[in-house]
Amino acid sequence: MGRRDEVECWLTDMDGVLVHENHALPGAAELLQQWEDRGTPYLVLTNNSIFTARDLSARLRASGLNVPEDRIWTSALATAEFLKQQVPGGSAFVVGEAGILTALHDAGYIMTETDPDFVVVGETRNYSFEAITKAIRLIDRGARFIVTNPDATGPSAEGPLPATGAIAALITKATGKDPYVVGKPNPMMFRSALNKIGAHSENTAMIGDRMDTDIVAGIEAGLHTVLVLTGISDRAEIEKYPFRPDEVLKGVFELVGEAEETEL
C-alpha cells in the first residue's frame, strides 16, 4: 500500500487519467467530488500549453467533470512562473497560443520581437515557418531558449500531430542550442504545483498514466506515485523501465471511497 494513508494532497494528470478524448473516465467525477467534499488540496496537471486554465475548466465541464480553473496547472502556467522568478518583468518572443501568451502576460511579461530575454516555444496548431525562423535568429543573437513541454507528438482523431518537442528539435538543429524544458518530466512542474497549493512532497501523491513523464517526474519530486492503466501505459510498459510506481491501479475509480475510515 506504500504511503497512501499519509497522502493529504493530490496531483493528477488529465488525459488518460480523468478524461479520454473528452469523455470522463470511470470514477473521475466521484474522485474530484470526494476531494472537494473533504477539502483535500489538489491540482489537475497537463503538459498542454495551448489552452488557459479557464478554457480547460470549460472543456472538463463539458465532459461532466467539475474542476475550477484555480485547480488546473498547465505547463504554460509553470513556464510563466519559472520565467517570472528568473527575470521579473522580462520580455519574450513566443511561438504559441492563448495558454502561454495569457500566462506570460499575467506574470508581467512583455511580448516582443526585439531583443527578448527569452524565446518561448509552446504548443500550437499553427506553427508558421516565419515564426520559427524568427525564433532561430533571436536565439542566435542571445535570447534564452525555453520550451513549455517536451512532447514530440500529440493525439488527434486522424493520428499523431507534431507537438512542441518536434518543433523544439527543429530549432535546436538550426541553432545548436538545447532548450530548457519546464513541463513534465521536469520535476520543476510538480514543485511549482506543490507551491501553488502549499503542499509538501512527503504527503502528496501523483496520479498519471505515463511512466516516462508522470511517474518518473513524480519519483524525482519525492511524491507517492500512482500509475493508472486507463491511458497510455499497460503492465507490459511498466517492465520496460528501471523504476516502479508505488501503486498500479486499473483506474481512478479504485481511489473513490478510500481512506474514509481514517477520518473517523
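Trainee: Is D13 buried or exposed?
Mentor: This is a predicted model, and in it D13 counts as buried, because its relative accessibility is 7%, where buried means under 20%.

Trainee: Which side chain does D13 meet in a salt bridge?
Mentor: D13 pairs with K184, and the N to O distance between them is 2.7 Å. The two come from distant parts of the chain, since D13 sits in strand β1 while K184 lies in the loop between β12 (180-181) and α7 (188-197), 171 residues apart.

Trainee: And K184, buried or exposed?
Mentor: K184 is buried, with a relative accessible area of 3%.

Trainee: How many salt bridges are there by this rule?
Mentor: The count comes to nine salt bridges, and one of them joins R4 to E247, whose closest N and O atoms are 2.4 Å apart.

Trainee: What does the pair of R4 and E247 tie together?
Mentor: R4 lies in the segment before β1 (9-13) and E247 belongs to strand β15 (residues 247-249), so the pair ties together parts that are 243 residues apart in sequence. R4 counts as buried at 9% relative accessibility, and E247 counts as buried at 8%.

Trainee: Changing topic, what does D212 form with R210?
Mentor: D212 forms a salt bridge with R210, with the closest N and O atoms 3.0 Å apart. D212 counts as partly exposed at 31% relative accessibility, and R210 also counts as partly exposed, at 27%.

Definitions and conventions
Residues numbered from 1 in each chain as written. Predicted model: local features only at pLDDT ≥ 70, side-chain atom pairs only at ≥ 80, totals over all residues. Heavy atoms only, no water. Salt bridge = Lys/Arg side-chain N within 4 Å of Asp/Glu carboxyl O. Helix = DSSP H or I, 4+ residues; strand = E, 2+ residues; numbered from the N terminus. Buried < 20%, exposed > 50% of the residue type's maximum accessible area, 1.4 Å probe, protein only.
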